[in-house]
Structure formats: C-alpha cells, structure tokens
Amino acid sequence: MISTTIFCSLVLLTLPFITTSQSVADTHITRNGSALYLGSDRWTASGANVYWLGLDENVRPPAGEPYDPVTNASYPTKARITEIFDTMVALGARTVRSQTIGISVGNPLSVMPSLGVVNEKAFEPIDWAVREARRTGVRIFAPFTDNYDYYHGGKFVFLRWRGIIASKSGDPNIQQFYTNRQIVDDFKNYIEIVMTHKNSYSNLTYAEDPTIFAYETGNELSGPTFDDKNVPADWTDEILSFIKSLGPHKLAVDGTYGINTAHLNISSIDIFSDHFYPIDINKLAQGVAQVQSVNKVYFAAEYGWTPQSQQNSAKMETFFDWIEKRNSAGVEQPVVVGDHFWSAFGRNAPANCSSFLPHNDGLTLHYDNPADPQDRRAEVVKIRRHLFRMQGQTVGTALPPVPCPTT
Ligand SMILES: *[C@@H]1O[C@H](CO)[C@@H](O)[C@H](O)[C@H]1NC(C)=O
Ligand SMILES: *[C@@H]1O[C@H](CO)[C@@H](O)[C@H](O)[C@H]1NC(C)=O
Ligand SMILES: *[C@@H]1O[C@H](CO)[C@@H](O)[C@H](O)[C@H]1NC(C)=O
Ligand SMILES: *[C@@H]1O[C@H](CO)[C@@H](O)[C@H](O)[C@H]1NC(C)=O
Ligand SMILES: *[C@@H]1O[C@H](CO)[C@@H](O)[C@H](O)[C@H]1NC(C)=O
C-alpha cells in the first residue's frame, strides 16, 4: 500500500507531526462489511468533534474582520485550525467530525447565506481545515444539515427559505424538510455546491478529496419531536445516494439520532451512529448488535467526556474498553470502529497562545490547559491513551507539547 517507504521514514524523522505520505493521503477509506480499511490495513476512526472549523461563534474578531453581531459568528483563524489539528495528532485522533464543514446555511457568513446565493469567502477556512487535516494525516467527516437552529444553520433554515415557519418541537410542518419536493431539491442543490467546490490548496473538490472520508445526512436528525427517529427511509436513501453519485468513494453515514431499525436495509448507508449523553453501554451494545445484523459499521460519534456529563468517571473507561476489545488484533469485523468525544477547542492563536478558548456547554476539552482542574486533566489523559490504543499503540500519562502559531 505504501510505495514510498523511504520517503515516509525520512518525513517521520524530521517532522514528527506528519505521519502520512502523499500516497496514504490519496488513498480512500473503504468499507468491507462491518470494518473500515485504508488500503489493505484495518482502519479505526476514533477522534474528536471540532464543530467550529468552518464558522465559529466564540471569538470576537478584530474590527474590520467578517463578523455577524446577531449570532456572534466569525471565521476561525488559520492559526487556530493549524493548532487544533496538531493537537489532534498529539491526542492520537484519527478522525475529526465537524458540523460547520458540512452545515453552512442562513448566516450572513455561511456558504449559502440565502437560498441559491453562494459566498465563496466561507470556503476559505474549510479549505484550510481540509489542508491541515491532510497535512497531519487526520480524516474528516461532516453532516450536511442540523436538527437544530444554531448560528451555522440547519433544517429550519431550509424550511424558512420556502416560507415554512415551524415551531421547534412537535410541529408536523417540520417533516416538510424531508417530504416537500422543493425543499429536498434545495438541500440537494446545497450539497452539490459544497461537494463540487474546488479546494484552492489542492485543486481537489471535496467530492474527490479522500481527506473527507464520509458525509452524514445530518446531525442528530429527528422528526417533529427530538429523538423520535422519524426520518423517512426514502429521504435518507435519496440524500446518501446523491452524495455517492457526486463522490463515489465517500462513505455514507445515516445522520438519524439513534438507530432507526427501519433504516437497517437501506443499501446506500455504510455507517450508522449514535450519541451518548451520558455514556450508556446498554444502548451501545444494542445499537452495535442491530448494525452487526446487517454487516455495516457503527460510530459512537459523540459522547459527553466530563465525569459530570457521564455521571461517573468509570463509565468512560468501560465504554473505551468495550470498543477497544472489538478493535483488537484478530477481530475481523469490529462493527463499532470509532468514537468521538464532544468537543475540542484550542488556544486563541495567533492572538494569544496562553489563552484557551471557552465554549459555554460545559463539555469543552482543552489539551494541556494549565488552568484545568486535576479531574479534567485526568480525563484528557484517559482519552489520549484510548485513542492511541485504538491505533494499537501504548502511551504514558504525559501530554507532549503542541506548537501554537503566533503569526
Ligand atoms: C471482505 O471481507 C471478507 C470477510 O472478512 C473477505 O472474505 C473478503 O475477501 C473481503 N473483500 C475484500 C474486497 O477485501
Ligand atoms: C454574543 O456574545 C455576547 C457577549 O459574549 C453574549 O452576551 C450574547 O448572548 C451572544 N449572542 C448569542 C446569540 O449567542
Ligand atoms: C491549481 O491549479 C492552478 C491552475 O491550473 C495552478 O496554477 C495551481 O498551481 C494549482 N495548485 C495546486 C496546489 O496544484
Ligand atoms: C426495508 O424494510 C422495511 C420494513 O422495515 C420495508 O417496508 C421496506 O420496503 C424495506 N426497504 C427495502 C429497500 O428493502
Ligand atoms: C493572554 O491570555 C492570558 C490568559 O488568559 C492572559 O493572562 C494574558 O493577559 C493574555 N495576553 C494578552 C497579550 O492579551
């Protein structure tokens, strides 16, 4: 699989953060049954959620920079994106799940600020993030819409664009996102604009670039009621088949929140996923068994990582152990090939590398933040050791330093 072994070891000697050669970066991740592969090697997909790579809402940029005062949205700096990908390597992450690489509608700073209008500027941080992922050997996957109505947009934006003002919960009009032909076509048009965009750093479209190894229909998609799993099977198949028609090598993730058993026979789905707040081994085991019955892959694509959100610290260790056993040497079909904690933030680069950026959901993971209390630092060490074990490597409890760009 790696034809440039000598080149690769030279790179490893001189630049420890680059663990991949060009030929590896150009190899698509593939699925065979309930396992993923990079070339002929089994591949695990663990890592982090880094939702803000395309658009952020936590930093007030310097005057004159693009900023939306209504949502506090601004583009993340290149330095922040570089710093977080080097952090991913230090953490042992293989994959990053990033909402705003796929979801970017309805905000003045979005890829599609209003229906049919394309804002090229919004692609700049996304292009840079894909470049930095490729540089560090990290793969990205991203949902194309959101179940919610946050600053980066989602299904409610598509509804409003066609005059449908649905209340957030229980409103049957919400289903029109999946059933109204005009809205489904608007969504597909948006997907096509994103996937056919050519990255200025590689000249590859997102559809072509193996760095983005998978796309998800959406984030935590539900019907009128949160977690009702009421996402029509025919809509899911239509969207994922469309994604695959644009990017034939992309793996397709069902973005329904939880495993909808009526989706198990949809042939276009490669990967099912679920989210964990708190961690729940019974829910994990049940979902994995369901996905195993159809010989596909499962991601635990979000979990709350703090002892408070898990309700106890031991739960996370049991969760990791359960997943690692299914990915150990000799296991042919792991089914669950990865997990992704919610969520990583880094330093305020290049403005102030001593300052870690906050997010207000209580689940912000900072790598080696001296201000973190001991229990948070201990959880970060646990996650790092797990992420390396998923790659068959053992690491200690020290957190090696990560560079922070100051320009
Ligand atoms: C897929 O996996 C099966 C069972 O592990 C194996 O027999 C088969 O050769 C694999 N197919 C490819 C294309 O690698
Ligand atoms: C924007 O930021 C300000 C200051 O931090 C905060 O008070 C306000 O709630 C934020 N607005 C939104 C929509 O999050
Ligand atoms: C992309 O294509 C343009 C125009 O053909 C060329 O000038 C540029 O060098 C290419 N960039 C890369 C990274 O290949
Ligand atoms: C999948 O199974 C459901 C029943 O759960 C059935 O209604 C549907 O027709 C099947 N779809 C396909 C594509 O086989
Ligand atoms: C950088 O951030 C640190 C930590 O928040 C703060 O103490 C320091 O004053 C900041 N430096 C500058 C130049 O703003």
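Predicted model: local features only at pLDDT ≥ 70, side-chain atom pairs only at ≥ 80, totals over all residues.
Figure 1. Residues are numbered from 1 along each chain as its sequence is written, chains are lettered from A and ligands numbered from 1 in the order in which they are written, and side-chain values use heavy atoms, leaving out hydrogens and water. Helices (H or I, at least four residues) and strands (E, at least two) are DSSP runs, numbered from the N terminus.

**Figure 2. Phe158 and Phe187, an aromatic pair.** Rings of Phe, Tyr and Trp (its six-membered ring) pair if their centres lie within 6.5 Å; planes under 30 degrees apart count as stacked, over 60 as edge-to-face and the rest as tilted. By this rule the count comes to 27 aromatic pairs. Phe158 and Phe187 are edge-to-face, at 5.3 Å centre to centre with 80° between the planes. Phe158 belongs to helix 6 (residues 155–161) and Phe187 to helix 8 (residues 181–195), so their pairing ties together parts that are 29 residues apart in sequence. Buried means under 20% relative accessible area, exposed over 50%, and partly exposed in between (1.4 Å probe, protein chains only).

**Figure 3. Phe187 again, now with Phe177.** These two ring centres are 5.2 Å apart and the planes meet at 55°, so the pair is tilted. Phe177 sits in helix 7 (residues 176–179) and Phe187 in helix 8, 10 residues apart. Phe177 is buried, like Phe187. Ring pairs link both of them into a cluster, whose members also include Phe144, Trp161 and Trp235.

Figure 4. A disulfide is a covalent bond between the sulfur atoms of two cysteines. Here it is assigned to cysteine sulfur atoms within 2.5 Å. How many does the structure hold? There is one, and it joins Cys353 to Cys404 with an S to S distance of 1.9 Å. Cys353 is in strand 13 (residues 352–356) and Cys404 in the segment after helix 13 (374–390), 51 residues apart. The torsion about the S-S bond is about -80°, so this disulfide is left-handed. Cys353 and Cys404 are both buried.

**Figure 5. The surroundings of ligand 5.** Asn352, Ser354 and Ser355 surround ligand 5; a residue is near a molecule if one of its heavy atoms lies within 4 Å of it. An oxygen atom of ligand 5 is 2.3 Å from an N or O atom in the side chain of Asn352. On its own, ligand 5 has 360 Å² of accessible area, and the protein covers 26% of that. Such areas come from the Shrake-Rupley method with a 1.4 Å probe.

Figure 6. Ser98 is in the loop between strand 5 (95–97) and helix 4 (99–102). With 0% relative accessibility, Ser98 counts as buried. A polar atom of the Ser98 side chain lies 2.7 Å from the backbone oxygen of Val50. Tyr151 is in the loop between strand 6 (139–143) and helix 6, and is buried at 9% relative accessible area.

Conventions. Polar contact = N/O pair within 3.5 Å; in protein donor to acceptor, adjacent residues only side chain to side chain.
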